[in-house]
Amino acid sequence: MKDTEIAVIGGGPAGLMAALAAAEMGARVTIIDRNSRLGGQLVKQTHKFFGSEKEYASVRGIDIGRLLSDEVLKNPRIETMLDSTVIGYYPDDGVLGVEFEGKTFVKIKPKKVVVATGASEKFLPFENNDLPGIYGAGAVQTLMNEHGVVPGENVLMVGAGNIGLIVSYQLMQAKVNVKAIIDAAPCIGGYWVHASKVARLGVPIMTSYTIKAAYPNEATGTLERAVIWQLDDRWQPIPGTEKVLKVDVICISVGLSPLTEILWQAGCEMKYVPQLGGHVAVRNENMETTVPGIYVAGDVAGVEEASSAMIEGRLAGLNAAKSLGYDDGTYSEKRLEAIKRLQNLRSGPVGEKIRQGLAQLVSSGGDYNA
Amino acid sequence: MLKTCGIPTEEELASRIPPKDRRKKGPVVMIECFQKIPCNPCFTACKRGAIQKFEDINDLPSIDFDKCNGCGLCISKCPGLAIFVIDETYSEDEATVSLPFEFLPLPREGEEVDLLDRSGKKVGRGRVLKVRNGKYEDRTPVITVTVPKGLSMVVRNIRVGGDLR
C-alpha cells in the first residue's frame, strides 16, 4: 500500500494545475496518468490559446503542456506515475487501485483525491458508421500531431464546434483536403475566428446539415463516399437535399462527455446536465464533490475550455491542500483570485451555456469559505 | 454570414473597417473580431496603447486608430488570427496587406503568390514584400503582400505554389 497526501487522477491541464497548486501550499502530491507523458490533450493543441496572460493566452497548447509538465517534474513535492491507469476506487477504505506501468497492481491510499480524468468523444449513429476511415476528431489529432501520420486525403468533418474547426485547420496545414465541415445546428458552435480561419482556406462550412450514410469501396471495404443532407428548422432531414461527397475520411466531432466512472464508484451525487456534456458530479465552489475529500476539475467537472480547466484545477488543488491544514496565509487570497478569474472567463455570451449548466450543479457554500 | 459559414457580410465588416481618412495616412490595423469571447492578448501586445484596455475580458477590442502606426506586433499574438494591417498608401495602384500565415511552404520575399478573399477564392496575384518569422511571431509568420488597390479590404489570405486541391 502506497501513501500520499493528495492523489491527482489525470495529468492534463486541470490535473497539472491542481498538483502545482497543492504543492505550492506545501502538500505532497501523486499524479497518476495512463499516458506516457504528462499534458493530456494539450500535447495535441497546436493553436495559440485564448484568455488572458494568466491563462497563457497566445501560447500554444502544446507549449503550455510542456511548461506545466516541466514545472511538475522538477517539483520535489510532486511524484508522477505515468503509463498507470486508475482502475478503481474503493469507498469503504478510500483506496485507489492502479494498474502501474501496465504491469503490476498497486494500491494507493491518499488522504484527498482530485479527479481530473477529462472527457471522451461522443459518436453519431448513421449507416455504416463503423467503416475504416471514420474517426473521432481526437484520434485524427493523435495520429497527426503526436505520430506525424495523416489519416487520408479527403475529409468530411462532422461538427463545427471548436474542435471540429481546429482539427480541420490542422488537417489543411498537413495538406489534407477538408471537403466540407457540416453541423446539424443552424449556427456554428465554435468561435467565429476559428470558422473564419478555415473559411479563408476555401473550406465550406454548412450549417443545418447532417450525415445520412457512409459507403465503402467495394474492393477495399474502406470508406469511399459520404452522403449528407439538410435539416429543416425542426432538425428533420429534408428528402431530396442529399449530396454525395467523395471522401476517404469522416471525422466526427460532435462533443464530449465527462469521464466519470471513478466518481460513480466513489458514490458522489451525480446529475445529468446537458450543458456540461452529460453526467457530472454535484460540487461546491471549492470543486469538492458530495463525498468529502474528493474533488473534481476540468472536463470531468463539465466540458469546457482548457483555460477554465486550468483554473478549476488550481482551485481544487488549493482546497485539497487547505483541507489537510496547509495554508501559508495566502490561501484565501489565491482562492478568491481563482474564483474571480473563472467568473471572468465565463461571464460573456459564449459562457452562457456553462453558466446555465453550473447553476444546476454547484451547491451553495463551501467547507472552507474564507 | 459569420455565424452560419464563418464569412462576415459587408454589414458585419463595416464596424471593423478603419476610417477612410486614417487609411489615407499609412498602415493601420483592422481587427476582424466579431464575437465576445474571453480573450485580450491584442491589448497586451500593443506597445502604443492603440488597443484600449478591456473593461471586461469578453469585450471586443476597441481601437484608437490615431495611436496605431500599423507596426503589426499584434498580428501574430491574436489566437484567432483575426488581425490584419492594411497600407493603402503603398503606391499609386497597389496597397499592402499584412496577414498571419501558418502554412508551409512559406513564400520567399519577392515571390508572386495567389491572393485569396475571406472565402478562399482567388481574386488576383500579389508580390510578397516581407516575411516576419522570428521568435516573437512564435510560428505564426506574418506576410506582407502587395494587392491591387481596390482589394485591400478583400484579400485576407495567400496561396503559395498554386491550387493544390
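The second largest pocket holds about 530 Å³ of space. A pocket here is an open set of points on a 1 Å grid over the protein atoms alone, where a 1.4 Å probe fits, with protein on both sides within 12 Å along at least five of seven lines; lining residues have an atom within 4 Å of a point. Its lining has 19 residues, and Thr46(A), Gln173(A), Glu102(B), Leu104(B) and Arg139(B) lie nearest the centre. Two or more lining residues come from each of α3 (137-147) and α4 (162-173) of chain A, and α4(A) gives the most, with four. Helices are DSSP runs of H or I with at least four residues, strands runs of E with at least two.

This is a predicted model: local features need pLDDT of at least 70, side-chain atom pairs count only at pLDDT 80 or more, and totals for chains, interfaces and linings use all residues. Residues are numbered from 1 along each chain, chains are lettered from A, and side-chain values use heavy atoms without hydrogens and water.

| Residue | Loop between |
|---|---|
| Arg200(A) | α5 (192-199) and β11 (205-207) |
| Arg28(A) | α1 (13-25) and β2 (29-32) |

Arg200(A) is buried and has no salt bridge; Glu32(B), the nearest side chain of opposite charge, is 5.9 Å away. Buried means under 20% relative accessible area, exposed over 50%, partly exposed in between (1.4 Å probe, protein chains only). A salt bridge needs a side-chain nitrogen of Lys or Arg within 4 Å of a carboxyl oxygen of Asp or Glu. The Arg200(A) side chain reaches the backbone oxygen of Leu81(B) at 2.7 Å.

Arg28(A) is partly exposed, at 44% relative accessible area. Arg28(A) and Arg77(A) are 49 residues apart in sequence and 4.9 Å apart in space, C-alpha to C-alpha.

Methods: Lys and Arg count as positive and Asp and Glu as negative; His and the chain ends are not counted. A polar contact is a pair of N or O atoms within 3.5 Å; within protein, one must be able to donate a hydrogen and the other to accept it, and residues adjacent in sequence count only if both atoms are side-chain atoms. Grid points are joined across faces, edges and corners, and a volume is the space filled by probe spheres set on the points.
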